[in-house]
Amino acid sequence: MLIRTSQLNTELAEINVGVIYLDLLFELHVRDFHAWINLEIQRNKPDDLIYTRMEFYASRLISSQKNRVFTGTDYHQIMDVYSIWLLLYEDSDYITVSPRKTEILFGKADHINDVKYRSNIINVGVDMKTNPVDRNPFFKMIYYLLSETMEPAEKIRKLDEECGFQINKSCIERMKNME
């Protein structure tokens with residue numbers, strides 16, 4: 001399987017609109033799948049406007065493709081966008097996806113059901129307060145990777161023993177430098 005990634009500029013600046021700073025933005029190619037992936041990590045519970053912010057970021061990722069991915073009116077070249085938000089302040093583990101959906105309010109428009117929107121918002125709520133012993137392997141991995149209370153050596157041991165990750169020296173050095 002061929003997987004190709006490339007990191008993109010995490011600063012999205014628009015004239016008269018301002019700048020947003022993304023935690024991580026990369027382009028992902030896996031066979032026929034080709035998309036921009038934005039990963040945001042929230043350690044502290046923000047205000048209730050977080051969901052509006054999520055939608056804003058996804059929209060900016062779509063609009064910022066103009067003159068980077070497509071020019072003129074070649075909108076068919078817009079790549080899918082996945083804005084993934086790791087919410088590390090939740091009381092339980094969950095994953096939600098919020099794809100856009102069209103609802104017909106009046107009349108007959110069956111062709112509308114075939115519309116494919118390009119932006120997807122994925123929320124991953126992670127309970128960082130509860131010991132991950134009996135949790136889903138995915139959430140256990142997130143807990144170990146992003147824990148602020150565990151030392152790097154303990155993280156590496158847990159990821160190896162409980163999650164089956166073989167971690168090389170380069171990863172170890174990068175984990176030691178994680179904030």
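This is a predicted model: local features need pLDDT of at least 70, side-chain atom pairs count only at pLDDT 80 or more; totals for chains, interfaces and linings use all residues.
Residues are numbered from 1 along each chain as its sequence is written, and side-chain values rest on heavy atoms, with hydrogens and water left out.

The protein contains four helices and eight strands, where helices (H or I, at least four residues) and strands (E, at least two) are DSSP runs numbered from the N terminus. Read from the N terminus, the order of elements is β-β-β-β-β-α-β-β-β-α-α-α. Of the 179 residues, 35% are buried; here buried denotes under 20% relative accessible area, exposed over 50%, and partly exposed the range in between (1.4 Å probe, protein chains only). The accessible surface of the protein amounts to about 11,900 Å², and carbon and sulfur atoms account for 52% of that surface. Among contacts (heavy atoms within 4.5 Å) between residues at least 6 apart in sequence, 56% join residues at least 24 apart.

Seven of its 10 residues are buried, so helix 2 is largely enclosed by the rest of the structure. The buried residues of helix 2 are Phe139, Lys140, Met141, Ile142, Tyr143, Tyr144 and Leu146. These buried residues pack against strand 5, strand 6, strand 7 (94-99), strand 8 (119-125) and helix 3.

Two packed helices are described by the angle between their axes and the distance between the axes. The crossing of helix 2 with helix 3 is left-handed, a term applied if the near helix is turned anticlockwise from the far one by less than a right angle, with right-handed used if clockwise. Helix 2 contributes Lys140, Met141, Tyr144, Leu145 and Leu146 to the contact, and helix 3 contributes Lys155, Lys158, Leu159, Glu162 and Cys163. By class, the residues of this contact comprise six nonpolar, no polar and four charged, with Ala, Val, Leu, Ile, Met, Phe, Trp, Tyr, Cys and Pro counted as nonpolar, Asp, Glu, Lys and Arg as charged, and the others, Gly among them, as polar.

Tyr143 belongs to helix 2 and counts as buried at 12% relative accessibility. With neighbours within four places in sequence left aside, Tyr143 is in contact with Asp127, Met128, Thr130, Pro132, Arg135 and Met150. The C-alpha atoms of Tyr143 and Pro132, 11 residues apart in sequence, are 7.0 Å apart in space.

Ile50 lies in helix 1 and is buried, with a relative accessibility of 4%. Residues up to four places away in sequence not being counted, Ile50 touches Gln42 and Trp85. Ile50 and Trp85 are 35 residues apart along the chain, and their C-alpha atoms are separated by 10.0 Å. Gln65 is located in the loop between helix 1 and strand 6 and is buried at 0% relative accessibility. Beyond its neighbours within four places in sequence, Gln65 is in contact with Trp36, Phe70, Gln77, Ile78, Met79 and Val81.

Most residues other than glycine have a negative phi. Arg31 has a positive phi, near 50°. Arg31 is situated in the loop between strand 4 (24-30) and strand 5 (33-42) and is exposed at 67% relative accessibility. Asn67 likewise has a positive phi, near 70°. The loop between helix 1 (50-63) and strand 6 (80-87) holds Asn67, which is exposed with a relative accessible area of 58%.

Definitions and conventions:
Accessible areas come from the Shrake-Rupley method with a 1.4 Å probe; for residues, only the protein chains shown count as cover.
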